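These are my notebook entries on one model. I looked up the protein surface beside the DNA first, then a few side chains.

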Amino acid sequence: MSGRRLGPAFFARPVEQVARDLLGRHLLRVVDGERLVLRLVETEAYAGETDAASHARGGPTARNRAMFGPPGVTYVYLIYGLHHCLNLVCGPAGEAAAVLLRAGEPLAGLERMAALRAGQPRRDWARGPGRLCAALALDRRHDGLVLPHPELWLEAGTPLPNAAVARGPRVGVDYAGAAARWPWRFLEKGSPWVSRVSRAAAP
DNA sequence: GTCAAGATTAGT
DNA sequence: CTAATCTTGACG
């Protein structure tokens, strides 16, 4: 196996620290009794109400309620009425900080992910936050779960050394003013599994 | 009540 | 570059 299951203590830290530390960790998902494994290669940190780019900026709503829960809770939202995105709540309860999981390298359950991705090219299974949720069959029903959960959890995996980590501004948050330029996107240098936007931005 | 825009993606 | 399609927050 890939190590111990990560619990609340892992997430109860500053959100940008957790986002950095999630790279190289393993995200596990059980679908119909089958184990799917992704090795995380791209994340983004979002703070709470002080972050103009965060969904929590306006306080709690029906959609973002889970963000205000304790560390280790999932926040899954629907974007553009089409795609789901998975976040993990960080910091103390009520702070509403969370890490968006943007991309992962598939390690196990490839056939199942292929079926869930319905005809997409194999290399595209988990590149991008919407694709990641599609590959793992995650949607709003998985909002507010407490990790570790019987069908969704994180294992220690192998954290990346600093030399293997790149960072840059968050994607798609131009509306957020100065906060749009905070370097809170973290990714594995040179990984072919990072999202399309991160590949385009890479040298 | 209306309405514009969004932490995206696939297809022109 | 644009369509697809649902939730939210601003505005009356």
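This is a predicted model: local features need pLDDT of at least 70, side-chain atom pairs count only at pLDDT 80 or more; totals for chains, interfaces and linings use all residues.

Entry one: polar contacts to the DNA. I looked up Y77 and found a polar atom of its side chain 3.0 Å from a base nitrogen of DNA strand B. I count a polar contact as a pair of N or O atoms within 3.5 Å; within protein, one must be able to donate a hydrogen and the other to accept it, and residues adjacent in sequence count only if both atoms are side-chain atoms. For H83, a side-chain N or O atom is 2.9 Å from a base oxygen of DNA strand B.

Residues are numbered from 1 along each chain as its sequence is written, chains are lettered from A and ligands numbered from 1 in the order in which they are written, and side-chain values use heavy atoms, without hydrogens and water.

Of the atoms of DNA strand B within 4 Å of the protein, 52% belong to sugar and phosphate. I then asked which element gives the most to this surface. It is α4, with three residues. β3 (74-79), β4 (83-90), β5 (97-108) and α4 (129-135) each supply at least two; helices (H or I, at least four residues) and strands (E, at least two) are DSSP runs, numbered from the N terminus.

Is N87 buried or exposed? I noted it as buried, because its relative accessible area is 5% (buried is under 20%, exposed over 50%, partly exposed in between, with a 1.4 Å probe and protein chains only). Beyond neighbours within four places in sequence, N87 is in contact (heavy atoms within 4.5 Å) with V73, T74, Y75, Y77, A98, V99 and L100.

W182 is partly exposed, at 29% relative accessibility, whereas W184 is buried at 13%.

Terms used: A residue is near a molecule or strand if one of its heavy atoms lies within 4 Å of it.
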